Amino acid sequence: MTTRTAEYPRPDHFLLHISDTHLLAGGEKLYGSVDSAEHLSGLLAEVEASGGRPEAIIFTGDLADRGQPDAYDRLREIVDPVARRIGARVIWVMGNHDDRASFRFGLRDELPTVEPIDDVVWIGGLRIITLDSSVPGHHYGEVSSDQLDWLAAELATTAPDGTILAMHHPPIPSVLDLAVSVELRDQAGLAEVLLGSDVRSIIAGHLHYSSMAMFAGIPVSVASASCYTQDLNVPVGGTRGRDGGRAFNLVHVYPTTVLHSVVPLGTTPALDYIDPVESARRLELGGIRIGASLTNPTRVRSDPSPTTPISLPV
């Protein structure tokens, strides 16, 4: 039998992208009924039960709804144990609802200063740059000239596996009219810095629904919120939040592309289930193999076994 190698090998990197947790202190609920802490706990439980083993979990902002110190403590109580069990690094990004001082102290174990929180995190050869687009006291986004200079200096050196830029306010249009009041302002400067750089993907949140576009020739992927979402079937021109439609994203980095996959939360009736052993059997029967990652042959998995093939669509 002739063996065919799948068009793409295993990914070089696997990341989890979660956004807009909006936790409150003291067990308070959003809008009096939305338990954002419970929704986040459920999300992480689903991820852990799936066997997914991302190298990092990236939270793109609005982590605490009011920037309360106790809300950040609660966030770490929920996230840190799961991250340890699945072996993932946690990367926090500032959002417009967050408080810089409390964010620094509660999530980064740093002195509670109010300067923008920009950072560089390396996951092997992959560079993750977090950019603080928050404007204290406001809900719109902005990136200062000093931040752009810092970003340009960092991007002057390329990363072996490229760069993922993580920020809260996405530099893309919104289908909801009211969102322009809280959009990222003065985007031309950011585009100028990013053009021709090694940034392979921009990941963001803020919108409370999943969305994708291009910016400066770079794909932008917006993750839906883990707390509540925006209903895009609202009458045109209106805005309507809903306690449902939550999702998170998987990010798989390949040598030639970055794959963003939206994962809706909650259970639905299953039509069938093909387990990993049966998937492997069918691939072997069909003479199909999936090549190993060229740069990370053992760590990057979206299932618990390094030897179990991923089934192809049939």
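**An enclosed cavity and a buried strand**

Pro170, Ile172, Pro173, Ser174, Ala179, Val182, Glu183, Leu184, His206 and Leu207 line the largest cavity. The model is predicted, so local features need pLDDT of at least 70 and side-chain atom pairs count only at pLDDT 80 or more, while totals for chains, interfaces and linings use all residues. Residues are numbered from 1 along each chain as its sequence is written, and side-chain values use heavy atoms, without hydrogens and water.

A cavity here is a set of points, on a 1 Å grid over the protein atoms alone, where a 1.4 Å probe fits but cannot get out; a lining residue has an atom within 4 Å of a point. The volume of the largest cavity is about 70 Å³, this being the space filled by probe spheres set on the points. One cavity of 30 Å³ or more is counted. Its lining comprises seven nonpolar residues, two polar and one charged; Ala, Val, Leu, Ile, Met, Phe, Trp, Tyr, Cys and Pro count as nonpolar, Asp, Glu, Lys and Arg as charged, and the others as polar.

Attention now turns to strand β2. Strands are DSSP runs of E with at least two residues, and helices are runs of H or I with at least four. Because six of the six residues of β2 (residues 13-18) are buried, this strand is largely enclosed by the rest of the structure; buried means under 20% relative accessible area with a 1.4 Å probe, protein chains only. His13, Leu15 and His17 cover one side, and Phe14, Leu16 and Ile18 the other.

Five bridges join β2 to the antiparallel strand β13 (residues 247-253), where His17 has Asn249 as its bridge partner.

Terms used: 1 Å grid on protein atoms, 1.4 Å probe; cavity = no way out; pocket = protein on both sides within 12 Å on 5 of 7 lines; lining within 4 Å. Buried < 20%, exposed > 50% of the residue type's maximum accessible area, 1.4 Å probe, protein only. Pairing = 2+ DSSP bridges.
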